Amino acid sequence: MIKNTPVVRTVRTLLAASALGLCVPAMAQDVPDPKAVLGHDVGEDYYLANYEDSIRYFQALARASDRIKLFETGKTTHGKTMVYAVISSPENVANFDKYKAISKRLGDPRGLSDEQARQLAKDSPIIVHIDGGMHASEVSDHQLPLALAHKLLSAKNDAEVDGILKNVILVLWPTLNPDGQDIVVDWYRKQRGTQWETSRTPWLYQEYVGHDNNRDGYMLNMKESQVVNATEQEYAPVIWYSQHQVAPFPARIWVPPFADPVSSNISPYMRIWTNAIGTNIMTRMETEGKPGAIAQARFDNWYAGFLDYIHVFRNTISFFTETAHDSATPKTYSLDDFPKQTRDLKAQIMYPHPWRGGEWHLKNSVDYMLTASMSVLETAQKYRDTLLYNRYQAGRDMVAAAAVDGPAAYVIPAGQADMPEAASLAQLMIRHGLDVLQIGAPTALNGQTYAAGSWVVPMDQPFAGLARELLDKQKYPDAVLNGDGQPAELPYDVTGWTLPMQMGVRVDRVEKPIEAAARAAMQKVAAATPPAGGVSGSGSTYLIDRRVNNGYRVLNAALAAGGEARWTTASFQPGAAPQEAIAITGLPRSVMDKIASQHTVAVTASAEAPAGAAVRKGRVALYRPWGSNIDEGWTRWLLEQYAFQPKSLYNADVKAGLSGKYDTIVIPDIGAPQSTRPGDTAPPANFTSKYKGPLASLMDGFSPNQMPAPYSGGIGEDGAEKLKDFVRNGGTLVALNNASDAIIDLFQLPVTNILKDVKSDTFFCSGALLQVSLNPAASVNAGMPADPIVMFERGPAFAPKPGFQGQVLASYTPTGDPLRSGVLLHPEAIQGKAAAVEVQYGKGKVYLYGFRPQWRGQSHGGYKLLFNTLYAGGATN
């Protein structure tokens with residue numbers, strides 16, 4: 001007979017409560033606090049846990065509790081293992097696979113009735129994603145998960161936590177940028193106690209991209225982006241919440257609602273719930289005595305490329321918050337530090353309880369993040385059934401919208417000049433969870449016949465809004481443009497990114513519904529692969545169409561294998577007009593066929609000896625200034641992808657001399673000097689230079705007050721002379737975007753930047769797709785269409801001056817509007833102006849591009865404008 005002991009009575013009570021469906025408190029478990037494992041408290045002044053510390057603590061929690069389980073999910077660029085934790089009740093953790101499947105099923109309503117969806121929503125816990133951010137310099141972000149995990153797993157007799165663990169499955173990532181967390185923490189530890197304690201790292205905190213890791217959401221160029229994208233689709237969260245810093249000063253935390261504009265390709269459920277969650281966070285802040293929460297302000301969610309936001313197009317409520325003070329070093333703020341318009345401490349609708357200043361510590365930031373995270377979890381558990389069912393409704397309504405709003409589908413036709421690029425666009429749709437079909441036989445759609453091999457993206461699918469967002473052009477809502485074409489608030493990020501325009505890929509809209517017979521000719525594909533590459537025809541001269549980007553991969557591989565090459569022309573179809581081509585000789589057919597197959601490029605063998613200028617792969621150097629130059633990183637990544645093997649050129653290398661060492665030097669986009677404080681884009685107060693704008697950055701870099709040696713300084717007067725000598729002696733210099741302005745001033749080129757110091761009431765373009773006309777006589781434009789679309793992002797435009805020797809490479813139309821996607825104010829300012837020029841300087845050449853032909857690894861259609869400058873002697877010899 002079992003004795004009626006207190007323990008037995010407790011167990012009986014819990015079983016009875018469970019049978020009645022009541023919230024049963026989780027059995028208390030003793031878990032270690034961070035100090036027991038790491039020797040420090042979370043949020044302790046002057047201490048930051050690195051990634052290895054974070055994983056060590058999460059592993060300690062997993063050993064102590066059955067309410068947490070760790071999962072490994074891919075590698076970073078530097079080879080670190082990305083890890084996330086699942087935290088919930090033991091039963092939910094054990095059945096995580098089951099509940100992942102339910103969440104995914106609710107995300108795809110096809111074949112599911114409303115009644116079935118309601119039952120699934122009723123029976124399943126809700127999956128919520130929270131992460132420790134990706135911008136590693138925002139240091140509170142990656143400290144928050146330690147505090148949140150400990151709170152949830154150590155709570156005893158806490159009804160709120162018990163309810164969360166029963167109804168919510170939290171997927172908690174220590175960080176989305178493990179490499180960056182280690183880089184930033186290591187820098188802080190080394191500078192601790194010096195005058196540079198609060199400075200940022202003198203290099204990118206994520207390899208190649210730095211801050212732009214949150215601009216890679218749809219393109220998925222980086223390994224980390226690929227891991228996050230694939231893993232998110234695996235567990236299909238209903239809510240995705242990322243940490244960021246900093247809030248608009250002096251606010252302590254920014255929360256949704258976002259400012260306008262917002263994409264209409266997002267389900268209304270996502271927009272409404274984002275607003276509700278944000279106001280709930282603000283309410284909880286007030287309840288807990290945490291003033292300084294602000295909403296809207298400067299943050300909109302127009303740009304689709306945020307890695308922490310792209311999930312909203314898969315019907316996941318996606319948002320971030322921005323918390324104040326991204327440093328482990330405390331600081332005291334007085335009202336004198338506040339912007340003048342906020343010193344009266346008057347409340348606003350979206351800033352209802354202004355912060356009054358005072359001391360601020362790392363722990364304050366972590367505590368604000370913890371409150372926000374608990375609010376999100378509280379909302380999720382309180383409205384679990386509704387949120388899950390709304391997820392189903394969002395997908396159901398998106399499927400139905402195709403028949404009402406159109407289009408019915410998009411087609412990526414076969415037979416395009418650059419089929420590997422066309423395939424990569426189709427494959428990108430698949431990677432984002434969209435269904436892509438392939439036509440098996442010639443099929444008529446919308447009155448046009450499409451060849452076999454064409455890809456079709458139908459719109460009667462739950463994530464169709466993402467296809468519209470990426471394949472259609474962007475246009476700001478009229479309401480945001482105030483009816484006169486002028487937005488009330490100027491955009492802070494790019495406003496147009498239409499991928500077919502950027503990639504140079506033809507995509508057609510199909511407005512009429514696809515008939516059953518046509519649909520029967522299509523098969524869903526798991527991968528979009530281009531036609532197989534290889535050598536066809538006979539002969540020992542191998543011809544490659546220069547319109548194909550991958551042709552440059554083939555060229556570089558062939559040269560590396562010992563082949564020889566020439567620029568030439570050739571006809572690739574009987575009766576077709578000659579195209580600019582690459583001719584390769586000196587390789588066995590088997591070697592050439594292997595290279596062509598590897599890069600899926602069609603190579604035509606010919607018995608004719610090639611004519612044209614000889615091609616030698618240039619010795620390419622890429623200027624790499626100290627600091628977080630994102631354009632340098634993107635350019636380096638791109639050139640490595642195409643095997644140009646760029647050498648990083650630091651300030652000391654420039655000063656040491658350049659002539660005879662390199663054939664081409666590329667200067668990436670360079671802005672005006674900025675503060676070394678993370679998140680601070682204002683000009684530094686302690687920076688002095690006799691130069692202005694981008695030239696000041698190039699010449700003087702960071703001052704010794706901003707950065708320790710050897711990271712302070714620029715190329716200086718000595719380096720400037722060495723750079724000029726390099727070009728005078730026959731070298732090629734390529735300046736991208738605002739670096740062009742610096743080179744014009746430094747070299748005193750007979751070219752005017754007509755947008756220098758321009759004000760927004762005269763011209764404004766934070767990032768949009770503009771059409772240019774290319775000079776057909778310029779060999780550097782080989783392989784390009786006559787009127788490509790380029791990404792213009794706060795760049796220059798040019799007008800030659802008397803004495804100009806060279807040629808205009810690209811220009812804007814003298815009449816009309818060059819805008820093709822996004823927002824451009826006062827286009828008349830650049831009408832008829834040059835977008836790119838080639839300038840003769842001594843025996844060498846300077847190429848000035850007023851746009852970024854390699855922008856964020858997205859502008860595939862402009863790559864050749866850069867590639868053609870990277871062979872010995874420039875574009876022609």
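## Aromatic pair

Phe-258 counts as buried, at 9% relative accessibility (buried is under 20% relative accessible area, 1.4 Å probe, protein chains only). Phe-320 is buried too, with a relative accessible area of 7%. The structure is a predicted model, in which local features need pLDDT of at least 70 and side-chain atom pairs pLDDT 80 or more, while totals for chains, interfaces and linings use all residues. Residues are numbered from 1 along each chain as its sequence is written, and side-chain values use heavy atoms, without hydrogens and water.

The whole structure holds 44 aromatic pairs (ring centres of Phe, Tyr or Trp, the last by its six-membered ring, within 6.5 Å). Phe-258 and Phe-320 form an edge-to-face pair, 5.3 Å centre to centre with 80 degrees between the planes; edge-to-face requires planes over 60 degrees apart. Phe-258 lies in strand S6 (residues 253-262) and Phe-320 in strand S8 (residues 317-323), 62 residues apart. Strands are DSSP runs of E, at least two residues, and helices runs of H or I, at least four, numbered from the N terminus.

## Helix crossing

The axes of helix H5 (residues 96-107) and helix H10 (residues 223-235) come within 7 Å and cross at roughly 95 degrees. H5 is therefore roughly perpendicular to H10 (65 to 115 degrees).

Phe-96, Lys-100, Ser-103 and Lys-104 of H5 contact Gln-233, Glu-234 and Tyr-235 of H10 (heavy atoms within 4.5 Å).

## Three-stranded sheet

An open sheet of three strands runs in the order S31-S29-S34, with antiparallel pairing (at least two DSSP bridges between two strands). Its edge strands are S31 (789-792) and S34 (819-821).

Note on methods:
Axes fitted to C-alpha atoms, helices over the stretch in contact; angles between N-to-C directions. Parallel < 35°, antiparallel > 145°, perpendicular 65-115°, else oblique. Phe/Tyr/Trp six-rings, centres within 6.5 Å; stacked < 30°, edge-to-face > 60°. Buried < 20%, exposed > 50% of the residue type's maximum accessible area, 1.4 Å probe, protein only.
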